[in-house]
Amino acid sequence: YEEMESCEAISQLSLLLLCRTPPPESLSKSIKSALIADIFPARYVAMLVSRIMMNAFNISDGEGVAVGFGLYLAAAAVNHSCDPNAIQTFCLAHATPPRLNLTTCTKIQVGNEVTIAYIDTTPPTSRRKTELWKSYKFICNCSKCQNRALDNMIVGIRCRKGCDGCGIQILHDLNATDVICIENSWICKACGETDFSKSLSIRDKAMASLETLVGREATSMYGKIDSIRTEFQAIKSCCCITSWFTFKAGEELLHCILDVMAFTSTEDDALSLGSLALQVIDEIDKAADACYNADDLRRLIFRCKRAKLQLFLKLEPWAALQTLRDAYEQLSYFYPPGHEILCEILKCIQ
C-alpha cells in the first residue's frame with residue numbers, strides 16, 4: 001500500500017512538473033518520505049519525469065489551444081517530421097478522458113513511416129531545430145528542414161535599400177553539431193547587399209518586446225493592442241510579407257484584438273475591433289500561406305476566423321459562407337460529427 005501511495009505521488013509530481021506548477025505541501029511530504037525510505041530512488045523519479053516529458057502530448061481544443069497533457073502509449077511511438085503525413089486531434093467530452101485520433105493527411109505507401117509534428121512547424125528551420133533539440137534531444141533532417149528556398153521565404157529579411165529583393169540566408173553547415181547556432185550570411189538577390197545587421201537588430205528587439213507584452217498582464221487591453229501593433233509595424237519594416245516573423249507578430253496582435261472584442265460592451269467598439277482584426281488577417285495572409293504546411297488544420301481555422309469576421313461585418317457574406325462550408329467539409333475528415341469546432345462552424349453557416 002505504501003509503495004502504491006508513493007507511486008501515485010510521484011506520478012502527480014511528474015504531471016505538476018509538466019504543468020510547471022509547484023506541488024502542494026502534502027504531496028511534497030509524501031514524495032520526501034518515499035525518497036528517504038528509498039522506495040523510489042531519485043534517479044527513478046528523474047527517469048519517470050523524463051519519460052513523461054518526452055512522450056506526453058499537448059491536449060488541445062479544436063483551435064489548437066493547449067488545455068492539458070496526456071500519455072497515449074501507441075501514439076507515443078510515432079516519430080516526428082516537420083512535414084508530417086498524419087495529424088493528431090483530440091475529442092474532449094464531459095466525464096471521459098480526452099481521446100486522441102491520428103488521421104493521415106496524405107496518401108502513405110505501404111511500408112512508409114507514419115509521422116506527426118511534435119512542435120509548431122511554422123517557424124524557420126533554425127528555430128525548429130533549436131526547439132526539437134531543447135525539448136526532445138534530436139535533430140530533424142526531413143524534407144522541409146532541407147528546403148532552403150522555403151526557409152529563405154519564411155525568414156524573409158527585407159532589403160532596407162528599397163529594392164525588390166530580399167535577404168537570402170546562406171547556410172554554411174547543417175550538421176548536427178552546428179544546429180543550435182547555425183553560421184550564416186545574408187545577401188540581397190536584387191542588389192547584392194550583404195549588411196543586414198540593422199534589419200536583424202530591429203527584428204530581434206521587436207520579437208523580444210512582443211514576447212514580454214504577450215506574457216504580461218495589461219492594465220489596459222486597448223493599450224496592449226497599441227503596444228503589440230507598434231512591434232508588428234517594426235517587424236513589417238524589416239521583414240517581407242511571407243516572413244514567419246511578420247506572421248507571428250500579426251497573429252499575436254490578432255489574438256489580442258479578438259480577446260478584447262469578445263468582452264466589448266458596445267456594438268460600435270465591436271465593429272471597430274472587427275475591422276482592425278480583418279485588416280491584420282489580410283496583412284499576414286501571405287505569410288500564413290508560406291508558413292503553414294498544405295494540410296495544416298490551423299490554416300483552415302485561420303480562414304474560418306476571416307470568414308466569421310466578414311459575416312460579422314457583412315462584407316462579402318456569400319464568399320464567407322462558402323469558405324466556412326469548405327472548411328467544414330475538410331475538417332469533417334479529421335473530427336467526428338458533433339465535435340465542438342464542427343458544431344461552431346455549422347452554427348455560423350445556419
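**Figure 1. Burial and overall make-up of the protein.** Of the 350 residues of this predicted model, 41% count as buried, where buried stands for under 20% relative accessible area, exposed for over 50% and partly exposed for values in between (1.4 Å probe, protein chains only). The protein exposes about 19,600 Å², of which carbon and sulfur atoms supply 54%, the areas coming from the Shrake-Rupley method with a 1.4 Å probe. The protein holds 12 helices and nine strands, defined as DSSP runs of H or I over at least four residues for helices and of E over at least two for strands, numbered from the N terminus. Among contacts between residues at least 6 apart in sequence, 60% join residues at least 24 apart, a contact being heavy atoms within 4.5 Å. Residues are numbered from 1 along each chain as its sequence is written, and side-chain values use heavy atoms, with hydrogens and water left out. Because this is a predicted model, local features need pLDDT of at least 70 and side-chain atom pairs count only at pLDDT 80 or more, whereas totals for chains, interfaces and linings use all residues.

**Figure 2. Packing of helix H10 against helix H11.** Helix H10 (residues 297-313) and helix H11 (residues 317-331) pack with their axes 9 Å apart and at an angle of about 150°; axes are lines fitted to C-alpha atoms, for helices over the stretch in contact, and angles run from 0 to 180 degrees between N-to-C directions. This angle makes H10 roughly antiparallel to H11, given that angles under 35 degrees count as roughly parallel, over 145 as roughly antiparallel, 65 to 115 as roughly perpendicular and the rest as oblique. The crossing of H10 and H11 is left-handed, that is, the near helix is turned anticlockwise from the far one by less than a right angle, clockwise being right-handed. Residues of H10 including Leu300, Cys304, Ala307 and Leu311 meet residues of H11, among them Pro317, Leu321, Leu324 and Ala327. By class, this contact of H10 with H11 has 12 nonpolar, three polar and two charged residues, with Ala, Val, Leu, Ile, Met, Phe, Trp, Tyr, Cys and Pro counted as nonpolar, Asp, Glu, Lys and Arg as charged, and the others, Gly among them, as polar. In the loop between H10 and H11 lies lysine 314, which has a positive phi of about 60° although it is not a glycine, and which counts as exposed at 71% relative accessibility.

Figure 3. The axes of H9 and H10 are 10 Å apart, and the two helices pack at an angle of about 150°. H9 and H10 are therefore roughly antiparallel to each other, and H9 passes H10 in a left-handed crossing. On the H9 side the contact includes Leu271, Leu278, Asp282 and Asp285, and on the H10 side it includes Phe302, Arg303, Arg306 and Leu309. The residues of the contact of H9 with H10 divide into 11 nonpolar, three polar and seven charged. Aspartate 296 is found in the loop between H9 and H10 and is buried, with a relative accessible area of 13%. Helix H7 (residues 221-238) and helix H9 (residues 267-291) have axes that come within 13 Å and cross at roughly 20°. That angle makes H7 roughly parallel to H9, and the crossing of H7 and H9 is left-handed. The contact is made by Tyr222, Ile225, Arg229, Phe232 and Lys236 of H7 together with residues of H9, among them Asp269, Leu273, Leu276 and Glu283. By class, the contact of H7 with H9 has six nonpolar, one polar and four charged residues. Cysteine 256 lies in helix H8 (residues 244-263) and counts as buried at 5% relative accessibility. Leaving aside its neighbours within four places in sequence, cysteine 256 is in contact with Met221, Lys224, Ile225 and Ile228. Cysteine 256 and methionine 221 are 35 residues apart in sequence, and their C-alpha atoms are 7.8 Å apart in space.

Figure 4. Glutamine 322 is found in helix H11 and counts as partly exposed at 39% relative accessibility. The C-alpha atoms of glutamine 322 and isoleucine 349, which are 27 residues apart along the chain, are separated by 8.9 Å. Lysine 137 is found in the loop between helix H4 (125-136) and helix H5 (148-155), and its phi is near 60°, a positive value in a residue other than glycine.
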